[in-house]
Amino acid sequence: MKLNTLKPADGSVKTRKRIGRGPGSGLGGTSTRGSKGAKSRSGYSRKIGFEGGQMPLQRLVPKYGFKNINHVEYKAINLDTIQEMISAANLEKVTIADFIAAGYVSSNQLVKVLGRGKLTSKATIEANAFSQSAIAAIEAVGGSAVKL
């Protein structure tokens with residue numbers, strides 16, 4: 001085997017289609033673009049949402065509702081989940097860092113503790129918000145709810 005005898009495997013290299021090189025090529029004239037219309041012109045790029053001239057769906061469907069700019073989105077964590085965390089890791093203080101480490105929330109989410117389930121261990125729980133039932137349940141076992 002020598003460098004001058006090397007060649008690619010059969011069928012691995014296709015020849016480039018040379019468009020618009022006269023009538024003899026079979027691809028001259030309209031250069032595979034069909035006849036007339038915007039798509040046959042150079043510089044054409046279809047606008048996003050364009051549906052060939054019919055009324056686009058985005059304009060056809062009416063506007064509806066509104067987005068409250070003051071809405072605060074919380075990730076809900078219930079007392080039964082917190083009790084599992086306390087039992088598993090023998091915690092006395094549960095912070096947002098513990099929720100992130102356990103995979104319940106991501107670092108940019110706010111946490112709200114809700115009152116589903118039963119808390120049996122005394123613990124200090126830190127969160128961005130608490131429901132009234134959660135605060136009552138935490139304080140009933142001698143713990144405290146710290147709002148950040």
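This is a predicted model: local features need pLDDT of at least 70, side-chain atom pairs count only at pLDDT 80 or more; totals for chains, interfaces and linings use all residues.
1. Helix α2 is followed by Asn-90, which has a positive phi near 55°. Asn-90 is not a glycine, although its phi is positive. The residue lies in the loop between α2 and β2. Its relative accessible area is 67%, and Asn-90 is exposed.

2. With a relative accessible area of 70%, Lys-36 is exposed.

3. The sheet β1-β3-β5. Three strands, in the order β1-β3-β5, make up an open sheet with parallel pairing. Between β1 and β3 the parallel pairing runs over 5 bridges. One of the residues involved is Lys-75, whose bridge partner in β3 is Val-111.

4. Leaving out residues up to four places away in sequence, Phe-130 touches Lys-112, Val-113, Ile-125, Ile-135, Ile-138, Ala-145, Val-146 and Lys-147. For Phe-130 and Lys-147, the separation is 17 residues in sequence and 7.5 Å in space, taken from C-alpha to C-alpha.

5. The sheet β2-β4-β6. Another open sheet of 3 strands is ordered β2-β4-β6, and its pairing is parallel. Here β2 and β6 (144-147) stand at the edges; each has a single partner strand, so one side of each is left without a neighbour in the sheet. Strands β4 and β6 pair in the parallel sense over 4 bridges. Among the bridged residues is Thr-124, which has Ser-144 as its bridge partner in β6.

6. Salt bridges: Asp-80 and Arg-116. How many salt bridges does a search of the whole structure find? The search finds 2. In one of these, Asp-80 is joined to Arg-116, with the closest N and O atoms 3.2 Å apart. The pair links distant parts of the chain, since Asp-80 is in helix α2 and Arg-116 is in the loop between β3 and β4, 36 residues apart. Asp-80 is partly exposed, at a relative accessible area of 23%, whereas Arg-116 counts as exposed, at 51% relative accessibility.

7. Salt bridges: Glu-126 and Lys-93. The side chains of Glu-126 and Lys-93 also meet in a salt bridge, at 3.2 Å from N to O. Glu-126 lies in strand β4 and Lys-93 in strand β2, so this pair ties together parts of the chain that are 33 residues apart in sequence. Lys-93 is partly exposed, with a relative accessible area of 44%.

8. The setting of Glu-126. Why does Glu-126 count as buried? Its relative accessibility is 15%, and a residue is buried if its relative accessible area is under 20%. The side chains of Glu-126 and Lys-93 are joined by a polar contact of 3.2 Å. With neighbours within four places in sequence left aside, Glu-126 is in contact with Lys-93, Val-94, Thr-95, Ile-96, Phe-99, Val-146 and Leu-148.

9. A nonpolar surface patch. Met-55, Leu-57, Leu-60 and Val-61 form a nonpolar patch on the surface, and together they have about 390 Å² of accessible area. Of these residues, Leu-57 is found in helix α1, which covers residues 57-60. Leu-57 is exposed, with a relative accessible area of 53%.

Notes: Residues are numbered from 1 along each chain as its sequence is written. Side-chain values use heavy atoms; hydrogens and water are left out. Helices (H or I, at least four residues) and strands (E, at least two) are DSSP runs, numbered from the N terminus. Patches are made of residues with over 30% relative accessible area and no salt bridge: like charges are joined within 9 Å, nonpolar side chains (Val, Leu, Ile, Met, Phe, Trp, Tyr) within 5 Å. Accessible areas come from the Shrake-Rupley method with a 1.4 Å probe; for residues, only the protein chains shown count as cover. A salt bridge is a side-chain nitrogen of Lys or Arg within 4 Å of a carboxyl oxygen of Asp or Glu. Buried means under 20% relative accessible area, exposed over 50%, partly exposed in between (1.4 Å probe, protein chains only). A polar contact is a pair of N or O atoms within 3.5 Å; within protein, one must be able to donate a hydrogen and the other to accept it, and residues adjacent in sequence count only if both atoms are side-chain atoms. Contact means heavy atoms within 4.5 Å. Two strands pair if DSSP finds at least two bridges between them.
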